[in-house]
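Here's a quick briefing to read alongside the model. Have the sequence and the 3D view open and follow along.

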Amino acid sequence: TDSDTADEAVRATCDDATICKRFATSKSYWKDPYIQYFVRSVGERKAPEINRGYYARVQGVNHLLDAFIRKAECDCQVINLGAGLDTTFWRLKDENLMPRKFFEVDFPTVVARKIHYIKTKPPLSKPLIETHSTDSLLLDAHSLDSDRYCIIGADLRDISNLDEKLKKFQLNPELPTLLLSECVLVYMTPAQSSNVVHWAAETFHTAMFINYEQLNMSDRFGQVMIENLQRRQCILAGAEACQSLESQKERFLKTGWEHADALDMMTVYSMLPQHDVGRIERLEFLDEKELLQQLLQHYSICWATKDKLNLGNAQLCY
Ligand code: SAM
C-alpha cells in the first residue's frame with residue numbers, strides 16, 4: 001500500500017543520516033570510531049555546508065544530552081526514539097558518561113539490521129558484554145537487552161505498545177530520563193508526535209526531551225526540502241508542526257511539559273565552542289556562506305523539561 005511505501009522510505013532515512021555522519025567524520029569534523037561498522041564505505045563526497053550542518057546537529061544535540069547526564073550524575077536513563085543506526089551508546093561508554101540504561105526504539109526492520117551489525121562486529125558487541133554482569137544477555141534477531149543497553153522494535157505511532165515494551169525491558173519511570181528524537185517526529189502527523197511528547201510528560205516526573213528537526217518549512221527553501229524528500233516517496237507528515245520556533249515549543253507546553261526552549265541551528269552554531277568551530281571551518285573551504293546559513297535556519301533544536309527532583313534541568317542551555 002501507499003502507507004507501506006511511505007514507511008519504507010522513512011526507514012531508509014536512517015542510512016542517509018549515517019552516510020552523512022560517516023563522511024563528515026572521515027573529514028575529521030568530529031570523531032566517531034564506531035560509525036564505520038554501520039556503513040561499509042565512506043561514500044560520495046558531501047558538500048562542505050552539509051558536513052557543517054551535521055557537525056552543528058551532532059554537537060548541538062550532544063551538548064544538551066551530556067549536560068543532562070552530568071546533572072543527574074549518570075543516575076538516569078536515556079531513550080533515543082527513532083535511533084536508527086546512532087552510535088551514542090558507545091560514545092557515552094568511552095566518555096564515562098553511561099546512564100543506568102540506554103534505550104533505543106525504531107521500526108523492527110531497522111532494529112533487526114542494527115542488531116545484526118552489533119552481533120557480527122566485535123568492536124560493537126564488546127562494550128555491551130563488558131557492561132553486562134549476568135548471563136541473561138538477550139540478543140536475538142529482533143531485540144537486544146543487556147544491563148545497560150536495550151534496543152526495541154516498535155512503531156512510535158502506537159503509544160500503548162511502546163509503553164508496554166519499554167516497561168517489559170525495565171524502564172524506570174522514577175529515574176531522571178532524557179528522551180531524544182533526531183529527525184524523527186517530522187515523519188509523523190502533528191497529532192501522532194504530540195501523543196509521543198504527551199506520553200513522555202505523563203510517564204516521567206523528571207525529564208528532558210530533546211527534539212532536533214526541520215524548521216521554517218513554509219518558506220521557499222523549506223518547500224524545496226519537502227519536495228526533495230517527496231521525490232523519494234518520503235512524506236514529512238509533521239512539517240506543519242515545524243513552522244516556527246513557537247510551534248516547536250507549543251507542542252511541549254501543551255502536553256504537560258513545564259518549560260521549553262527552541263533555537264534555530266544558525267544560533268546554535270554561533271553558540272558552540274568557538275575554538276572547535278574555528279577548527280572545523282578550516283577543514284574545507286566553503287564558498288557559499290549563504291547556503292550554509294539558509295540550511296542552518298531550516299533546522300532547530302527544541303528542548304523541554306520537567307523537574308520534580310529539582311536537578312536544575314530547566315537551566316540547561318548553550
Ligand atoms: N535519529 C537517527 C539519527 O539522527 O541518526 C536516525 C534519523 S532517521 C532520519 C529517522 C529514523 O526514525 C529512522 O531510523 C526511522 O526508521 C525512524 N522512525 C521514523 N518514524 C518512526 C516510527 N513511527 N516508529 C519508529 N521509528 C520511526
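E73 sits in the loop that runs between α2 (48-71) and β1 (77-81). Keep in mind that this is a predicted model. E73 has a positive phi of about 50 degrees, even though it isn't a glycine. Is E73 buried or exposed? With a relative accessible area of 68%, E73 is exposed, because anything over 50% counts as exposed.

**Another positive phi**

- C183 is also not a glycine, and its phi is positive, at about 55 degrees.
- Look for C183 in the loop between β6 (177-182) and α7 (190-203).
- C183 has a relative accessible area of 15% and is buried, whereas E73 is exposed.

**The ligand and its shell**

- The ligand has 20 residues around it, and the closest are R57, G82, D106, D155 and L156.
- Which helix gives the largest share of that shell? That's helix α1 (residues 2-26), which supplies six residues.
- Sorted by class, the shell holds 10 nonpolar, seven charged and three polar residues.
- R57, one of the closest residues, has a side-chain N or O atom 2.7 Å from an oxygen atom of the ligand.
- K21 brings a polar side-chain atom to 3.0 Å from a ligand oxygen atom.
- G82 works through its backbone instead: an N or O atom there lies 2.9 Å from a nitrogen atom of the ligand.
- On its own the ligand would expose 590 Å², and the protein buries 98% of that.

**Helix α4**

- Helix α4 covers residues 108-120, which makes 13 residues.
- From first C-alpha to last, α4 reaches 18 Å, close to the 18 Å expected at 1.5 Å a residue.
- Which residues of α4 are buried? They are V110, V111, K114, I115, Y117 and I118.

- S3 lies in helix α1, the helix that gives the ligand shell its largest share.
- S3 is partly exposed, with a relative accessible area of 46%.
- Along the sequence S3 and Q233 are 230 residues apart, yet in space their C-alphas are 9.9 Å apart.
- Y37 belongs to the loop between α1 and α2.
- At 22% relative accessibility, Y37 counts as partly exposed, because the buried class stops under 20%.
- Y37 and R22 have 9.9 Å between their C-alphas and are 15 residues apart in sequence.

**A buried loop residue**

- L97 is found in the loop between α3 (88-94) and β2 (101-106).
- Its relative accessible area is 5%, so L97 is buried.
- How far apart are L97 and R282 in space, C-alpha to C-alpha? They are 30 Å apart, with a sequence separation of 185 residues.

Conventions: Residues are numbered from 1 along each chain as its sequence is written. This is a predicted model: local features need pLDDT of at least 70, side-chain atom pairs count only at pLDDT 80 or more; totals for chains, interfaces and linings use all residues. Side-chain values use heavy atoms; hydrogens and water are left out. Helices (H or I, at least four residues) and strands (E, at least two) are DSSP runs, numbered from the N terminus. The expected span of a helix is 1.5 Å times one less than its number of residues. Buried means under 20% relative accessible area, exposed over 50%, partly exposed in between (1.4 Å probe, protein chains only). A residue is near a molecule or strand if one of its heavy atoms lies within 4 Å of it. A polar contact is a pair of N or O atoms within 3.5 Å; within protein, one must be able to donate a hydrogen and the other to accept it, and residues adjacent in sequence count only if both atoms are side-chain atoms. Accessible areas come from the Shrake-Rupley method with a 1.4 Å probe; for residues, only the protein chains shown count as cover. Ala, Val, Leu, Ile, Met, Phe, Trp, Tyr, Cys and Pro count as nonpolar, Asp, Glu, Lys and Arg as charged, and the others, Gly among them, as polar.
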